[in-house]
Every structure is written in structure tokens, then in C-alpha cells.
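Good morning, and thank you for coming. Please look at the sequence and the model as they are shown here.

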Amino acid sequence: MEKTAGKKLAILGPAGTHSEAAALYFNEVTGNVYTPVLYDEIFDALTATTNGETDAAFVPVENSLEGAINVTLDFLAAADDLTVVRELVWTVRNVLAAKGAAKDIARIYSHTQPISQCRRFLRGNFPEAEIIKVSSTAKAASVVAAEADHSCAAICTKRAAKLHGLGVVAENIEDTVANCTRFFLLTKKDAALPEIAPAAADTDERTLIICRIDGREAGSLLKVLEEFALRGVNLTRIESRPARTKLGEYIFFFDVESNTVAPSKREAAIAAVTARSLWLKNLGTFRVLKDRQ
């Protein structure tokens, strides 16, 4: 693999979000080979990579509680020149941050998802507090930092609290420790691969394929799934998205477990699915890194 020091990595901003925290962690454990560049939208980060503005993109694809990140899936379905290089499974950890003490908090700001993910904590500790939704956890921290009094707080990352000079009132306030987000590192297919040493503990490997099948044929999805089953190929995720052609037509995303089956069987299954599809894209085989939070 080729050195990528000094190359640019498109990530979802602003500074202090979970996406940025995950990207900084990934960059650190893989050798700080990229210079992060913040974008306001996932679509913009992906576009920056396809048009050569950045060398790679690091974007969320699925949350264990909230489901698929549709903008990422739709972009991958439409793109012709992107490949998945690596995946990170990031454990989401939220904090309650404020200028003052817990007893003073009357208003709590955050993004919709962290609010729903911390509902039990909020009801148990701040049942009377006004909950105010904003565009991101980083925005919540900046709003609280700008307030003159100490009656408001933010659900955000620990990094966002530090960036905005807030104290951490409570840590790990999410309702379940199983809250994780999957991120993809994506490059153009003809780009030099980043020099990422495999971690001994991270043995999982996936292949992502996207296909369009003829839904007018009865059992067409079943026949596709049988091609995997007949060869002992396990799927770790199946997702569908509208094809954006007409009502009732769909695109399917399959995460193929690649490290538990011979490559020949995996490739045979993909070839058979290709034959049953109107079109199929193979976005690559990649290792799965899990954070050590």
C-alpha cells in the first residue's frame, strides 16, 4: 500500500460532533495519514471525494438504534467510482455539559437522535427541563457556551464540551451501551489505498454489494438470497432503498460476511446474484475496526 500522509479526508462537521470524534479516532489509530476537512452535510463530504477535492471520505452509514443513514446509501447507489476501504464501528458516548451545576439546569439542547437515545436519563434526572432540538450536538454545545446564565445544558460529545469550555455534569448518559454507529472510509476506485495496518483483534471482514432486481418477478428477492445460502455465504445486513425510478422499485444493499467463507464461494455467489440482477455494484472487501472506548 502507498503512503497517504498529507492527503485530505472529508468528514461531517462541525467540530465536536460524533462524526468528527470518530474520524479523529480512526485517523489516530491508523497513523494520522489524513488531514481532516469538515463539511456541513454528508452529501457534500462524499461529493468532495468523487470530484477530487479530497482524497477520501469518512461518513456514517448505520446507527444501531436509529437505522440506516439514507443519504449515504443513496449516494453509494448512484456513484460509479467509490469503494469502501475500511469500516469503523464507533461506540456512541454522550455527556451532559453545562457552565454550572446539575441543580441549575432548566433547558437542555441537543440533536434529535441523542435526545431520543438519552430519554430515560432525562426523565429520571431532569423531568421538568425544557428539551430544545438543534442541528447537531456541536451546535448544542456552542449555544450553551454563548448563554449568559447557567440554566442550560447540552447533550454532546466530551470533545464538544471541551472545545466550548463547558463542564461535564454527567457521562455515559445514553439509555443503552449498545448504541454504535458504523462509518465507512471511502476512496475513488483508482486512488492509492491508505497504509492501514490490520489490528490482530479486528478479524471481521465484509464485502458490500448493491443491486437492483426485477420486483415484478415473484420470488425474485428469495432467489437472490438463495444464491448466498446455497454457497454458505452469510449476510450481516440487508437494506432496501427506493430506486427513484417509479413507485415500488427498490435497490438492495447486502453486507456479505467475507472472512468465514472461501473467497471462491463468495465470488461465485456474487456472480450468481449479478446474473439475477438488472445491475450490480461491488463496492469492495474491507476489514472492520472496532473502537476501544
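Where does N172 lie? N172 sits in the loop between β10 (167-171) and β11; helices (H or I, at least four residues) and strands (E, at least two) are DSSP runs, numbered from the N terminus. This is a predicted model, in which local features need pLDDT of at least 70 and side-chain atom pairs count only at pLDDT 80 or more, while totals for chains, interfaces and linings use all residues. Residues are numbered from 1 along each chain as its sequence is written, and side-chain values use heavy atoms, with hydrogens and water left out.

To return to N172: this residue is not a glycine, yet has a positive phi of about 50°. N172 is partly exposed, with a relative accessible area of 47%. Here, buried means under 20% relative accessible area, exposed over 50%, and partly exposed in between (1.4 Å probe, protein chains only).

Let me now turn to the chain as a whole. The chain contains nine helices and 15 strands. Its C-alpha trace spans about 65 × 45 × 35 Å along the principal axes. For 293 residues, a compact globule would have a radius of gyration near 19 Å, and the 21 Å of the chain agrees with this. That radius is taken over C-alpha atoms, and the globule rule is 2.2 Å times the number of residues to the power 0.38. Of the 293 residues, 50% count as buried. Among contacts with a separation of 6 or more, 79% come from residues 24 or more positions apart; contact means heavy atoms within 4.5 Å.

In α2 (residues 42-50), the buried residues are I42, A45, L46, A48 and T49. They cover an arc of only 155° around the axis, which puts them on the same side of α2; the arc is that of the directions from the helix axis to the C-beta atoms. These buried residues pack against β1 (7-12), β2 (34-39), β3 (56-63), α3 (70-78), β5 (82-91) and β11 (180-188). Just after α2, G52 adopts a positive phi of about 85°.

I shall close with some individual residues. Not counting residues up to four places away in sequence, S19 touches L12, F58, P60 and F183. In the loop between β1 and α1 we find P14, and a cis peptide bond, with omega about 5°, joins G13 and P14.

F121 belongs to helix α5 (residues 119-125). Its relative accessibility is 16%, so F121 counts as buried. Which residues is F121 in contact with, leaving aside its neighbours within four places in sequence? They are L96, F126, A170, I173 and D175. F121 and V143 are 22 residues apart along the chain, and their C-alpha atoms are separated by 21 Å. Thank you for your attention.
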